[in-house]
Amino acid sequence: MQVLLIRSYQLLLKGLARVLPFPRQHRLIGAGSSQTLAAELSRRRWRRPLLVSDRQLMQLQLPAALIRDLEATGLPCSVFDQVLENPTIACVEAGLQCYRRNGCDSLIAVGGGSVMDCAKGIAARVGNPWLPLRWMEGLFRVLAPPPPLACLPTTAGSGSESTIAAVFTDPQRHGKFAIADLKLLPRLMVIDPMLMLGLPAAITAASGMDALTHAVESYIGRNGSAWSRRKALSALRRIHRWLLQAHRHGRDENARLQMALAAHEAGAAFTRTNVGYAHAIAHALGSLYGLPHGLANAIVLPEVLRWSHPCCEQQLAEMARAIELEGSDGSEQGLALTFIAWIEALKQDLGIPATVAELREEHIPQISRSALKEAHPGYPVPRLMTQTDCEALVSRLQDHSDNCFR
């Protein structure tokens, strides 16, 4: 009965995704495109934007040129730079107070997925001051429209600039939660590879694997459409061709652009199909141990694919063909297993570990409960897990050697 209820709910979501009126975004794409944003905002009559970022990016002065452009265009800009790696409710509330204190009317997010998610949370609270962020958890609970938001990603991973969702950490409940609503889709997005040229190799690796996880989980999920599958495969091909190049040659402008486009396409795909168990388990690990989301996704993904493989062999084989992999015997099963092996080899080339050094045996039931609570009923996974299944999978992520990643 539980399986029937879960699958029925997912079928309802699949139907909704086909008819929902996703808003159109205005896109500025290419080297130097961020330099045109101020004029575009002025044309749209944004007057007092709040620029949301984090302290590291502000210390690197990455948003400095944009702030100068805004001021030169007559748009005085306030700055909120207290975003954490895993943004919390308190972080959103601090941003809300900054927005109100400075009389802002719009938001600009300059940063990675955490910054963009925090900006979405601030916008949701501005538009709905009577609703706690926790109340808006789930689908379509942002009742009143938020102020307009522009996103300038500085990493190629989350794709948050193209999604209707945002994820937050609740320290009191020791978990993460998501809000998702069409109203949260940013009005403007800027993909400028010049903002990513100085990205450290480790962040390039983790964010690139985050984008890969989005593409793969959206493709193997049961709620995919022809449109979402095209987007996911396009993202996959770009990642296959350009992730290692961006990782090894961080100032390769084209590699940075191609990876940013891959993250954007993967984000567009999963925002219409949802994700899967890799994300759910990664969120549970991240909230408990503070693991960066992209890194956690990268560690978990191969194990989840091995578990899911009997029910999505064809999709895994199709992805293998899309990047011209060859199976050991040419069969669907051989191609599917080759695709999983390619992901593991890619992780190794990127210096990403196979296990979680911090993972403790006594935490495995809690992590599994949290992951399944997030995934059920909304994630249209190809194969459903029980608590026992999930605990067995998470236990395989333990490190039993002295050469663990720290």
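**Cavity, rings and strands**

Mentor: The residues lining the largest cavity divide into 7 nonpolar, 3 polar and 1 charged, where Ala, Val, Leu, Ile, Met, Phe, Trp, Tyr, Cys and Pro count as nonpolar, Asp, Glu, Lys and Arg as charged, and the others, Gly among them, as polar. This is a predicted model, in which local features need pLDDT of at least 70 and side-chain atom pairs count only at pLDDT 80 or more, while totals for chains, interfaces and linings use all residues. Residues are numbered from 1 along each chain as its sequence is written, and side-chain values use heavy atoms, with hydrogens and water left out.

Trainee: What makes a space in this structure a cavity?

Mentor: On a 1 Å grid over the protein atoms alone, a cavity is a set of points where a 1.4 Å probe fits but cannot get out, and its lining residues have an atom within 4 Å of a point. The structure holds 4 cavities of 30 Å³ or more, and the largest cavity has a volume of about 60 Å³, a volume being the space filled by probe spheres set on the grid points, which are joined across faces, edges and corners. Among the residues lining the largest cavity are Glu 217, Tyr 277 and Ser 308.

Trainee: Why is the pair of Phe 168 and Phe 177 called tilted?

Mentor: Rings of Phe, Tyr and Trp (its six-membered ring) pair if their centres lie within 6.5 Å, and planes under 30 degrees apart count as stacked, over 60 as edge-to-face and the rest as tilted. The centres of Phe 168 and Phe 177 are 5.9 Å apart and their planes stand at 45 degrees, so the pair is tilted. The rings of Phe 339 and Trp 342, with centres 5.7 Å apart and planes at 35 degrees, are therefore tilted as well.

Trainee: How do you know whether Phe 168 is buried or exposed?

Mentor: Buried means under 20% relative accessible area, exposed over 50%, and partly exposed in between (1.4 Å probe, protein chains only). Phe 168 has a relative accessible area of 1%, so Phe 168 is buried, and Trp 342, at 14%, counts as buried too.

Trainee: What makes strand 2 and strand 4 a pair?

Mentor: Two strands, which are DSSP runs of E with at least two residues, numbered from the N terminus, pair if DSSP finds at least two bridges between them. Strand 2 (residues 49-52) is joined by 4 bridges to strand 4 (residues 106-111), and the two run parallel.

Terms used: On a 1 Å grid over the protein atoms alone, a cavity is a set of points where a 1.4 Å probe fits but cannot get out, and a pocket is an open set with protein on both sides within 12 Å along at least five of seven lines; lining residues have an atom within 4 Å of a point.
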